[in-house]
Amino acid sequence: MPDRKTILVFHGISMSGQSMLNTLGPLGAQLTQAGFHLIAPNGPVQMTDQQVRATVSWLSKGYTARGQDIHAVFREGGFWSNGEHYEWFDARRNNETRTWTYHALLESIAVIRDAVNTEPVIGVLGFSQGCAMAAVAAALAVRGVLPFGDTLRFAVLLSGFQPHFQKPEMELWPVADLPALIIGGTDDAVFPDPKGLIQLQAAFPASVMHLVAGLQHTVPDDPEWVARITRFAVEHSSMGSR
């Protein structure tokens, strides 16, 4: 196992580890063919049917505004698999103090430790809320809080945002010297404003950001972008210590 190259994959809100692997589609197939081992744990918060419906209802406004059908992706066989719905943060805002608490974040860190065990994690990859969780995991790893700081070589951050919260207190940014590939879409109905991606790029000074024309809120499946992401992972996985 010392020679195995593991990528830790983080799913989006209301998804699961398995549905995230399904959503990777051609990208997951190419990464596996390139010799990477993909681990995709479930977030620690199991969402109820009511929470899932509320999330879809809240997100649907952005889809409607862009003439997109949210049920084309937030469905079984789309972002969902086997009726399993999870998330990473359980984020709640205190309107009086205007502060955010990520109530499930410490549980998420424990989930990551259990999932990794002794795996030599060489990269993290996250989509949507999972993009934010992957960013946090990378920051904690390079600071020695998670056990793969010595092996981590890159991050792939897709259609997400830089998380901002006040509790639990953590020192995260910047994530210096870790190459990151940040990708968003011009037709993203969930994050239509690229400001979140720009903030994420600032948090990863060694990053490159691309805004892909026509890409909606999903994992790129265009052969050119699948090849570019895979090539990024391969090139950086073969590099020495940061």
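Contact here means heavy atoms within 4.5 Å. The model is predicted, so local features need pLDDT of at least 70 and side-chain atom pairs pLDDT 80 or more, while totals for chains, interfaces and linings use all residues. Residues are numbered from 1 along each chain as its sequence is written, and side-chain values use heavy atoms, with hydrogens and water left out.

**Exercise 1.** Find where helix α1 bends, and what covers its buried residues.

*Solution.* Start with the naming: helices (H or I, at least four residues) and strands (E, at least two) are DSSP runs numbered from the N terminus. Next, look at Gly25 in α1, where a kink of about 95° lies shortly before Pro26; the bend is the angle between axes fitted to the seven residues ending there and the seven starting there. Then list buried residues (under 20% relative accessible area, 1.4 Å probe, protein chains only); among them in α1 are Leu24, Leu27 and Leu31. Finally, their cover includes β1 (5-10), β2 (36-39), β7 (121-127), β8 and α6.

**Exercise 2.** Classify the pair formed by Phe154 and Phe232.

*Solution.* Rings of Phe, Tyr and Trp (its six-membered ring) pair if their centres lie within 6.5 Å; planes under 30 degrees apart are stacked, over 60 edge-to-face, and the rest tilted. By this rule there are eleven aromatic pairs. Phe154 and Phe232 lie 6.0 Å apart centre to centre with 85° between the planes, so the pair is edge-to-face. Phe154 is in strand β8 (residues 154-158) and Phe232 in helix α6 (residues 223-237), so the pair ties together parts 78 residues apart in sequence. Lastly, both Phe154 and Phe232 are buried.

Conventions:
Buried means under 20% relative accessible area, exposed over 50%, partly exposed in between (1.4 Å probe, protein chains only).
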